[in-house]
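Points are grouped by topic.

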Amino acid sequence: MFGFIPYTPLFNVTGQPAMSMPLYWNADGLPIGTQFVGRFGDEATLFRIAGQVERARPWAHRIPPGQAM
């Protein structure tokens, strides 16, 4: 599993808030996540960043290839 998720366990263990947002897509139309990490106990900053980025680059309408809506 660490080959696929090498960075997230570190934040799980330390209790730092983290999120991944689909900001890019590859040539096949699959999402590529970008990870953001906040200071310990500062989830609010991540929520603000998520809202601002989603307004600037909305992705809710995007559906991976082969997925029915």
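The side chains of Asp 42 and Thr 45 are joined by a polar contact of 2.7 Å, a polar contact being a pair of N or O atoms within 3.5 Å, where within protein one must be able to donate a hydrogen and the other to accept it, and residues adjacent in sequence count only if both atoms are side-chain atoms. Asp 42 lies in the loop between strand E2 (31-37) and helix H2; helices (H or I, at least four residues) and strands (E, at least two) are DSSP runs, numbered from the N terminus. Asp 42 counts as buried because its relative accessibility is 16%, where buried means under 20% relative accessible area, exposed over 50%, and partly exposed in between (1.4 Å probe, protein chains only).

**Basis and confidence**

- This is a predicted model, in which local features need pLDDT of at least 70 and side-chain atom pairs count only at pLDDT 80 or more, while totals for chains, interfaces and linings use all residues.
- Residues are numbered from 1 along each chain as its sequence is written, and side-chain values use heavy atoms, with hydrogens and water left out.
- The chain has an average pLDDT (the predictor's confidence in each residue, from 0 to 100) of 85, and 93% of the residues score at least 70.
- Confidence in the chain is highest in H2, with a mean of 94, and lowest in helix H1 (residues 8-14), with a mean of 79.

**Nonpolar core**

- Seven residues form the largest nonpolar core: Met 19, Met 21, Leu 23, Leu 46, Ala 50, Val 53 and Trp 59. Such a core is a set of buried Ala, Val, Leu, Ile, Met, Phe, Trp, Tyr and Cys residues joined through side-chain atoms within 4.5 Å.
- Strand E1 (18-25) and helix H2 (43-56) are the elements that give two or more residues to this core.
- Not counting residues up to four places away in sequence, Met 19 touches Thr 34, Gln 35, Phe 36, Leu 46, Ile 49 and Ala 50; contact means heavy atoms within 4.5 Å.

- Arg 57 is found in the segment after H2 and counts as partly exposed because its relative accessibility is 40%.
- Beyond its neighbours within four places in sequence, Arg 57 contacts Leu 23, Tyr 24 and Trp 25.
- The side chain of Arg 57 reaches the backbone oxygen of Leu 23 at 2.7 Å; the two residues are 34 apart in sequence, with their C-alpha atoms 7.3 Å apart.
- The charged end of Arg 57 also sits over the ring of Tyr 24, 5.4 Å from the ring centre. This requires NZ of Lys or CZ of Arg within 6 Å of the ring centre and within 35 degrees of the ring normal.
- The charged end of Arg 62 sits over the ring of Trp 25, 3.8 Å from its centre.

**Gln 16**

- Gln 16 occupies the loop between H1 and E1 and is partly exposed, with a relative accessible area of 28%.
- Its side chain makes a polar contact of 3.1 Å with that of Thr 14 and reaches the backbone oxygen of Gly 38 at 3.5 Å.
- Gln 16 and Phe 40 are 24 residues apart in sequence and 4.6 Å apart in space, C-alpha to C-alpha.

**Pro 65**

- Pro 65 is also in the segment after H2, and its relative accessible area of 47% makes this residue partly exposed.
- Leaving aside neighbours within four places in sequence, Pro 65 is in contact with Asp 28, Gly 29 and Leu 30.
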